[in-house]
Amino acid sequence: DKKSKIPSCIVPLPETHSLNTFSKLERKSMEELFCKGYQIDYKNIIYLSGFQANYKDYSMLLDSIKLLQNKLLFVIAGQGWEKKLGFKNCKINNSQVVVIDKYLSPTECLFLASQTLFGIFPYRNIVANEQFQGSGTLPNYIYNDKACIVFNEGSLPEDIEKAGIVINNPTPQKLARAIKKMLNSKLRSNFELKASKIKYKFSIDLHGSVIKKFFESLITE
């Protein structure tokens with residue numbers, strides 16, 4: 001802010017898993033853990049990863065799935081979701097929703113972000129005394145060239161730029177339409193290309209460089 005007298009800098013929260021890798025054997029093990037054999041019946045798998053939190057409106061996501069006729073597998077992975085949602089496995093129309101309630105290792109986070117068909121981040125202010133600002137998981141999806149669906153909340157639209165779909169005033173109907181659009185491979189590939197062009201801004205090196213220069217400027221002033 002040029003008008004502000006307080007020194008500041010702006011840099012996006014970086015991705016956190018690019019230094020992790022997994023072997024073919026580890027991949028097979030994680031496919032077994034997170035797919036549970038469903039990959040045989042469901043070719044389109046959408047992974048949603050992270051801790052349970054009030055600002056993650058997965059109830060709206062489930063309501064949107066009720067409006068879809070597509071055959072999709074949604075895997076919600078992270079601590080606290082089984083208790084919050086009340087099920088481990090739920091059939092909704094032609095889709096299956098599976099909850100894997102566990103603490104995710106960095107390697108598992110990388111697997112989920114890199115193997116999902118696309119990302120869905122139905123994050124918004126739900127609880128009055130909480131203020132949603134942004135997602136620490138979204139950068140990992142963009143860094144893995146994934147198209148994403150987000151609500152117009154916090155920094156999410158700024159983060160994805162044109163690499164996905166931003167939903168204003170979200171409803172289950174709007175989210176269902178966005179998911180259906182994202183299943184179009186041509187449209188999704190276009191979003192993925194745009195994700196690949198903005199992934200650099202979530203680089204750990206870029207983040208470190210900007211912060212380093214900022215602190216150096218404070219020291220020399």
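In the predicted model described here, D57 lies in the loop that joins β1 (45–49) to α2 (58–65), where helices (H or I, at least four residues) and strands (E, at least two) are DSSP runs numbered from the N terminus. D57 is buried, its relative accessible area being 7%; buried denotes under 20% relative accessible area, exposed over 50%, and partly exposed the range in between, for a 1.4 Å probe and protein chains only. When neighbours within four places in sequence are set aside, D57 is in contact with P122, R124 and I126, contact being defined as heavy atoms within 4.5 Å. Residues are numbered from 1 along each chain as its sequence is written, and side-chain values use heavy atoms, with hydrogens and water left out. Because the model is predicted, local features need pLDDT of at least 70 and side-chain atom pairs count only at pLDDT 80 or more, whereas totals for chains, interfaces and linings use all residues.

β1 pairs with strand β2 (residues 73–77) in the parallel sense over five bridges, two strands being taken to pair if DSSP finds at least two bridges between them. L48 has I76 of β2 as its bridge partner. Together, β1, α2 and β2 make a right-handed β-α-β unit; a crossover is called right-handed if, with the strands pointing away from the viewer, the path from the first strand over the helix to the second runs clockwise.

β1 and β2 belong to an open sheet of four strands, ordered β1-β2-β4-β3, in which the pairing is mixed. The edge strands of this sheet are β1 and β3 (89–92), each of which pairs on one side only. On average, and with direction ignored, neighbouring strands of the sheet are turned by 15° against each other.

Among the helices, the axes of α1 (residues 24–35) and α4 (residues 106–115) come within 11 Å and cross at roughly 75°; axes are lines fitted to C-alpha atoms, for helices over the stretch in contact, and angles run from 0 to 180 degrees between N-to-C directions. The contact is made by R27, M30, E31, L33 and F34 of α1 and by T107, E108, F111, L112 and Q115 of α4. α4 is mostly covered, with seven of its 10 residues buried, namely E108, C109, L110, F111, L112, A113 and S114. These buried residues of α4 pack against α1, β1, β2 and α5.

Two loop residues were noted for their backbone geometry. Most residues other than glycine have a negative phi. D145, although not a glycine, has a positive phi of about 60°; D145 is placed in the loop between α5 (138–143) and β6 (148–151) and is partly exposed, with a relative accessible area of 26%. N169, likewise not a glycine, has a positive phi of about 45°; N169 is placed in the loop between β7 (164–167) and α7 (172–182) and is exposed, with a relative accessible area of 63%.
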